[in-house]
Amino acid sequence: MSFYLKCILLVIFFFGKHSESQNIRHPKYKAAIFEAHRIIDSLKQKQNIPGLDIALSINDTIVWSEAFGYANIEHLVPVITGKTRFRIASVSKPLTTVAIGKLMERGALNPDTLIQTYVPYFPQKKYPITVRQIAGHIAGIRSYKGNEFLLAKKYNSVKAGLEIFKNDSLQFKPSTAYLYSSYGFNLLSAAVEGASGISFLEFMEKELFEPLQMQSTIADKNENIIPNRTTFYKTDDTGELRHTPYVDNSYKWASGGFLSTTHDLIKFGNAMINENLISDKTIKQLTKSQKLSNGKKTGYGMGWGVINKGKLNGFGHDGAAVGGITRFAIFPKEKLVVIAVSNSSNVDYGNTIESIVALFID
């Protein structure tokens, strides 16, 4: 065996052992973890996912946390569970609306007030739109068009990022339809700034991340050196792994621009169960399905999707970014939080997360 090959094998062994040593497997759930590991490993192999991390907590305790694959394939850097930072995509939205919830409780923001109350520089539209409508995707603000999802331009402020869509007409009369819009949440971050008097990222750091010790949750700034940030991949038409296009998420911190880890998001999920950041009354406002003017429920509150699947009832959010797909769910009755993150644009979790949750509940 050549010296070079020995070195490569030594690196793989070292990092593999290091990653393994970080995994958490509570002995009480040995059988559930065994089957859950098989489900995720099968998903990874079938979909050629370069790296994936999953964590699940019950009663404030992480009972399973495990990393699969690589954060960087070229340099054989493994995913380290709870430490590797992934693009959490639209799971940024629940973070944003909890910030809004804190402002609501202080009387600094009324969700049923017109958005221009907090963002006076946002043009008025044919119909008035409120914070609550925007947070529920029923305000009529448009979604991405063309190649906007792949924007590579750097925006130096929240206000600058609104230039992309601020002059466009609403897609419909507010509350008459549901249209998922990340741009709406960019507008909400401007409302956070207007209501708080400080920048959106500063508010998030001071009011959410620091109190919960979410030390690995941060804006995905390309120009910064960010330890443990994963590399971002996709699969091409033949199923081969490729690097994703270069994108700059500075226009959408609030809707899909944060990096985080499984363990940080477990902290956030448990804070929602334990009412550590906002009250039960506010949580119910954020997580209760909104209704259209015809009385039909949308299945979405303010930044949170409602989960009703059999005996599982809770709330959460999915996220899809360039180089990252996320699934996040909270089940308050069971006091269970689960988070799965990956560094590929082409992951379909299907029902795997629900199947895994069922294993631990049963």
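View A. F149 is partly exposed, with a relative accessible area of 28%. Here, buried means under 20% relative accessible area, exposed over 50%, and partly exposed in between (1.4 Å probe, protein chains only). Y144 is also partly exposed, at 26%. This is a predicted model: local features need pLDDT of at least 70, side-chain atom pairs count only at pLDDT 80 or more, and totals for chains, interfaces and linings use all residues. Residues are numbered from 1 along each chain as its sequence is written, and side-chain values use heavy atoms, with hydrogens and water left out.

**View B. Aromatic pairs.** The structure holds 15 aromatic pairs. Rings of Phe, Tyr and Trp (its six-membered ring) pair if their centres lie within 6.5 Å; planes under 30 degrees apart count as stacked, over 60 as edge-to-face and the rest as tilted. F122 and F165 have ring centres 6.1 Å apart and planes at 50°, so this pair is tilted. F122 lies in the loop between helix 3 (92-105) and helix 4 (131-135). F165 lies in the loop between helix 5 (158-161) and helix 6 (182-196), and 43 residues separate the two. Helices (H or I, at least four residues) and strands (E, at least two) are DSSP runs, numbered from the N terminus. Both F122 and F165 are buried. Y144 and F149 form an edge-to-face pair, 5.2 Å centre to centre with 70° between the planes. Ring pairs link F122, Y144, F149, Y155, F165, Y183 and Y251 into a cluster.

**View C. Charges over rings.** The charged end of R87 sits over the ring of F232, 3.6 Å from its centre. The charged end of K93 sits over the ring of F185, at 5.7 Å from the centre. The criterion: NZ of Lys or CZ of Arg within 6 Å of the ring centre and within 35 degrees of the ring normal.

**View D. Strand 2, residues 51-58.** Eight of the eight residues of strand 2 are buried, so the strand is largely enclosed by the rest of the structure. Both faces are covered: G51, D53, A55 and S57 on one side, L52, I54, L56 and I58 on the other.

**View E. Partners of strand 2.** Two strands pair if DSSP finds at least two bridges between them. Eight bridges join strand 2 to the antiparallel strand 3 (residues 61-72). G51 has G69 as its bridge partner in strand 3. The two strands form a hairpin with two residues between them, and N59 in the turn has a positive phi of about 55°. Strand 2 also pairs with strand 13 (residues 336-342), antiparallel, over seven bridges. There, D53 stands opposite V341.
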